[in-house]
Amino acid sequence: MNFEKLFLYKQWSDQRLFKAVDQIDQVKFLDDYNLAKQQFNHMIIVEELFRARLENREPLHTQTNTKLLPSLNELQRRIEVSNQWFIEFVQNIRSEQLLQVLHFQFVDQKMGSLSIEEILFHMINHGTYHRGNIAPALHHANVEHPADTFTVFIHQLEPERRVQ
């Protein structure tokens, strides 16, 4: 699978979900709004942790979430920066580099090792999982969940695939 296409998909899905979460009535459905922010907060922290590992630098975080949640705008900005970084990263990586194994310490102090390819897969899969966790909050808050499957994305990206 083409990692560039996968990260473009993640970027597209994240953007659609931020627009939907922004429609939640924060007076009536504050818990749902905060749940969405908590999920986005966790997503970006994990992305920033793995980005630090890929860049061979010290992590910015000691936990995978925070008690105080950033604003939705701040979370959206950070996730967009992260998406753009990962898109550029995969555009410039050579296939043999994908097999390189990185050894690191998780925030729970346990040691781990993953290949770059496995880290990239984890970033895609992790984002999908947490976007899915936000869907019930949208439903409860009476906000339409945007279609965000890979099939919708790919047919939007390549409309000629709709031709029979």
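Read along the sequence, the elements follow the pattern α-α-α-β-β-α-α, which amounts to five helices and two strands. Helices here are DSSP runs of H or I with at least four residues, and strands are runs of E with at least two, numbered from the N terminus. The model is predicted, so local features need pLDDT of at least 70 and side-chain atom pairs count only at pLDDT 80 or more, while totals for chains, interfaces and linings use all residues. Residues are numbered from 1 along each chain as its sequence is written, and side-chain values use heavy atoms, with hydrogens and water left out.

**Whole chain**

Start with the C-alpha trace of the protein, which spans about 50 × 50 × 20 Å along its principal axes.

Next, show the surface. The accessible surface comes to about 9,600 Å², and 52% of that belongs to carbon and sulfur atoms; the areas come from the Shrake-Rupley method with a 1.4 Å probe, and for residues only the protein chains shown count as cover. Of the 164 residues, 44% are buried. Buried means under 20% relative accessible area, exposed over 50%, and partly exposed in between (1.4 Å probe, protein chains only).

Contact means heavy atoms within 4.5 Å. Among contacts between residues at least 6 apart in sequence, 72% join residues at least 24 apart.

**Two loop residues**

Select asparagine 56, in the loop between α2 (30-54) and α3 (72-92). Its phi is positive, about 55 degrees, although asparagine 56 is not a glycine. Most residues other than glycine have a negative phi. Asparagine 56 counts as exposed because its relative accessibility is 72%.

Move to glutamine 109, in the loop between β1 (101-105) and β2 (111-115). Glutamine 109 also has a positive phi, near 75 degrees, and is not a glycine. With 53% relative accessibility, glutamine 109 counts as exposed.

**Serine 115**

Select serine 115 in strand β2. Serine 115 is buried, with a relative accessible area of 8%. Leaving aside residues up to four places away in sequence, serine 115 touches Leu98, Leu99, Gln100 and Val101.

**Glycine 132**

Go on to helix α4 (residues 116-140), which holds glycine 132. Its relative accessible area is 38%, so glycine 132 is partly exposed. For a distance check, pick isoleucine 45 as well: glycine 132 and isoleucine 45 are 87 residues apart in sequence and 17 Å apart in space, C-alpha to C-alpha.

**Largest pocket**

Finally, select Arg53, Arg57, Pro59, Phe104 and Gln105, which lie nearest the centre of the largest pocket among its 16 lining residues. The elements giving two or more residues to this lining are α2 and β1. Strand β1 supplies the largest share, four residues. By class, the lining has seven nonpolar, six polar and three charged residues. Ala, Val, Leu, Ile, Met, Phe, Trp, Tyr, Cys and Pro count as nonpolar, Asp, Glu, Lys and Arg as charged, and the others, Gly among them, as polar.

The largest pocket has a volume of about 340 Å³. On a 1 Å grid over the protein atoms alone, a pocket is an open set of points where a 1.4 Å probe fits, with protein on both sides within 12 Å along at least five of seven lines; lining residues have an atom within 4 Å of a point. Grid points are joined across faces, edges and corners, and the volume is the space filled by probe spheres set on the points.
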